[in-house]
Amino acid sequence: VAGFVEPAYEGLALGAIVKEDYAACAAAYKAQVEASPTPDPAILVSEGNCLRLAKQYDQAIVVLDRAIADPRALEVVKSAARGEKNLAVRAQTAAH
């Protein structure tokens, strides 16, 4: 079942991005992460990106740190997570 459920969440997330509904995007990716016993670290990066775009910087940083710390994450995924985290930290600083 998980193999069929995860792409459905991805579709919901991508549809939300097109509508610029970043909170819904983050919620869809979060549901995808929660549906998997071992979530793909790349999905965490996508969730973190949507959280950042939704201006939920604290949550974005937590999710991106989780992707960075995941031992299964490829270096390219960790690099993307670090880049997204840097953007979230900058945006958070600018917002205060």
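This is a predicted model: local features need pLDDT of at least 70, side-chain atom pairs count only at pLDDT 80 or more; totals for chains, interfaces and linings use all residues.

Colleague: What makes Cys 25 and Cys 50 a disulfide?

Modeller: The cut-off is a pair of cysteine sulfur atoms within 2.5 Å. The sulfur atoms of Cys 25 and Cys 50 are 1.9 Å apart, so the pair falls under that definition. By this rule the count comes to one disulfide.

Colleague: Which parts of the chain does the pair link?

Modeller: Distant ones: Cys 25 is in helix 2 and Cys 50 is in helix 3, 25 residues apart.

Colleague: Why is Cys 25 called buried?

Modeller: Buried means under 20% relative accessible area. Cys 25 has 0% relative accessibility, so the label applies. Cys 50, with a relative accessible area of 1%, is buried as well.

Colleague: How do you know that helix 2 and helix 3 are roughly antiparallel?

Modeller: Helix 2 (residues 22-35) and helix 3 (residues 41-53) pack at an angle of about 155°. Angles over 145 degrees count as roughly antiparallel, and therefore the two helices get that label. Their axes are 8 Å apart, and the crossing is left-handed.

Colleague: Which residues meet between helix 2 and helix 3?

Modeller: Among them are Tyr 22, Cys 25, Ala 26 and Tyr 29 in helix 2, and Ile 43, Leu 44, Cys 50 and Leu 51 in helix 3. The residues of this contact divide into 10 nonpolar, two polar and two charged.

Notes:
Residues are numbered from 1 along each chain as its sequence is written. Side-chain values use heavy atoms; hydrogens and water are left out. Axes are lines fitted to C-alpha atoms, for helices over the stretch in contact, and angles run from 0 to 180 degrees between N-to-C directions. Helices (H or I, at least four residues) and strands (E, at least two) are DSSP runs, numbered from the N terminus. Angles under 35 degrees count as roughly parallel, over 145 as roughly antiparallel, 65 to 115 as roughly perpendicular and the rest as oblique. A crossing is left-handed if the near helix is turned anticlockwise from the far one by less than a right angle, and right-handed if clockwise. Contact means heavy atoms within 4.5 Å. Ala, Val, Leu, Ile, Met, Phe, Trp, Tyr, Cys and Pro count as nonpolar, Asp, Glu, Lys and Arg as charged, and the others, Gly among them, as polar. Buried means under 20% relative accessible area, exposed over 50%, partly exposed in between (1.4 Å probe, protein chains only).
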